[in-house]
Amino acid sequence: MNLQKWDLTRIYNGEEEVNRESKRLSEMLGQLENRESLLSLKEWKDVATTISEIEAFDSLYYILLMEGAAQSVLTIVREHERSLKMKMKRVLNRQSQLYAKLSLDEQALFNEGLEGQFDVSRVTSTTPSEAETALFSMAGETKKSVELAINEMKKQLVVTNRLTGGKLSIAEANKIALHNSNEKSDETIVADLNQALEKQAPFFAIMYNQLIQTRITESQYDKTNPLAESLKSNGITNDTLKLMWKTVDQLIPALTSYIVKREDGKRVSWYDYMTRSKKVQVNIRFHEAVERIGDSLSAIDQRLGSFVHKALEQGWVDATLHERKQGGFCAPFLTKGESRISLAYDESIDSVRRLAHEIGHAWHFKQMECANNLYFSDERFEMTSAETASIFFETIVIDSLVADERNKALRKQMLSWKIEQMVHYLMSIRSAFLFEEAVCQKRKDGPLITEELEQLSLSSQQEAFGAVFTGYERYKWIKQSHFFMAEFPFYNYSYTFGFLISQGLVELASKDAAFVNKFGLLLSETGKMPIKDLILNHFQINLSEPAFWEVVVGKLLSEIKSWHDM
């Protein structure tokens, strides 16, 4: 396969350059830390740019991780990010103190000088004190340490294939388990994988307990809880979340009916369902995937298709196959107006979907490059917005692939595969949400032992899937990396939200000539107001009312019916 490798020359030119950049930013922030006056409009713009430059260290970390950089280099990059972020927090804290000393008239005059480009009153009202900054910094370091430790533990964990004697990583073993056509070999590798995870599960449990307790302690400081904090940072209310799950409930009978019919009326285990998944018998070479993604999006707006080709031509994407790759990611460099995308492209239709998904993230970041933000991503970047953008892109591409296929048998395979994406976003993702919700609740009473975590994981899957399977995925709580992400608790329901919202937006895109302008503006304002308000402002859609959700349900039910009728 002729797969694209990303171009890092505009992003990374060695450790010395990283150190120089860190020193430059540190010196600039040092000058601002002790300022006895409020910053000018130009200086606030510089601060916004600097925040993006600091966050580029985080993006660089994940890129270097994929490149197999030495641990010493990764540690240096992380330390630069931590140190610079602390300095920036002190700058904002100092500005908060200065702003608070102004009279109301002086504050109004100062705000006039910012020409409406920055809302410093909002920034300063939410800037923590030095003591709070130190506390939250310590909590943040604990969470990141847990994430790093978990990643390292997973990297070191070896699965021994008893049939061949071969040594496999977790990702390799899991991929074989889910995609092997040899039933005996499949059962063996699943057993080998579970055995390896079972041995190390107590260590994962210790680290996960630490992460959850840190989150609980942080939220208690604000007299709230991890889920409430997550909903607030993701721009939706608990009522919207409940309405979303109510929408999913309306789709469960149809999805269950699909699963039962696909298995010829037999009840099977989750693993059997996954390994016997009806594969789409098509191989799409990388350059063909790029063309199809570009064409699909150009049908909505030519600018979207042009963006796809620009990203590929400028070397944003690394699609090569490597054991280090698990899933995919998009790392932004906002001040450069670029992103870098990592995925392992294997010519499957799912690879096309993942490529479209990550390009959707890149387009989202592109809309944000000129935004004057005075917050770090963990304070303003709504994952609901992020997954709406990415899943909108993949939905456009998937719909196009299905609609354009003329071979009836192949088209049914594609439609079946598409419905399985619904199963993932609406059932599997919900099981992750239910698990994390239960863990946060029970962790308040003390640490949870391995067996308790495993039972919560299995019971959450059973509830989310409506008990349609005879058995469920063991040690999902270890394998699913989102549970251990330092900055994003409950990184699960955002996928369901993004999936459902994108279905409705796809309907609008075909009818509204100004859709892309509106959608781009909405994404450029990520974090400036809750996504529910942005959707209302730009599309006049009220997510608190059932009307929009009913349109989405109708669309998805129609697709499931089409499969039954074929």
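Predicted model: local features only at pLDDT ≥ 70, side-chain atom pairs only at ≥ 80, totals over all residues.
I started with the hairpin: E4 and E5 form it with four residues between them, and Gly 337 in the turn has a positive phi of about 70°.

Next I checked how the two strands pair. E4 and strand E5 (residues 338-343) run in the antiparallel sense over six bridges. I looked up two of the facing residues: Phe 333 stands opposite Glu 338 in E5, and Cys 330 stands opposite Ile 341 in E5.

Then I asked myself which strands make up the sheet, and in what order. Three strands form an open sheet, E3-E5-E4, with mixed pairing. Strand E3 (317-318) and strand E4 (328-333) are at the edges with a single partner strand each, so one side of each has no neighbour in the sheet.

**Helix H10**

H10 bends by about 35° at Leu 251, and a proline, Pro 253, follows within four residues. After H10 comes Asp 264, and I noted its positive phi, near 55°.

**H20 and its partners**

Helix H20 (residues 493-509) packs with helix H23 (residues 546-565) at about 85°, and the axes are 9 Å apart. Angles of 65 to 115 degrees count as roughly perpendicular, so that is what H20 is to H23. From H20, I listed Phe 497, Phe 499, Leu 500, Ile 501, Gln 503, Gly 504 and Glu 507. They meet Phe 548, Trp 549, Val 552, Lys 555 and Leu 556 in H23. I sorted the contact of H20 with H23 by class and got eight nonpolar, two polar and two charged residues.

H22 was next. Is H20 roughly parallel or roughly perpendicular to H22? The axes of H20 and helix H22 (residues 531-539) come within 14 Å and cross at roughly 5°. Angles under 35 degrees count as roughly parallel, so H20 is roughly parallel to H22. Here Phe 497, Ile 501, Leu 505 and Leu 508 in H20 meet Ile 531, Ile 535 and Phe 539 in H22. The contact of H20 with H22 has seven nonpolar residues, no polar and no charged.

Technical notes
Residues numbered from 1 in each chain as written. Heavy atoms only, no water. Bend = angle between axes of the 7 residues up to and from the residue. Pairing = 2+ DSSP bridges. Axes fitted to C-alpha atoms, helices over the stretch in contact; angles between N-to-C directions. Parallel < 35°, antiparallel > 145°, perpendicular 65-115°, else oblique. Contact = heavy atoms within 4.5 Å. Nonpolar A, V, L, I, M, F, W, Y, C, P; charged D, E, K, R; others polar.
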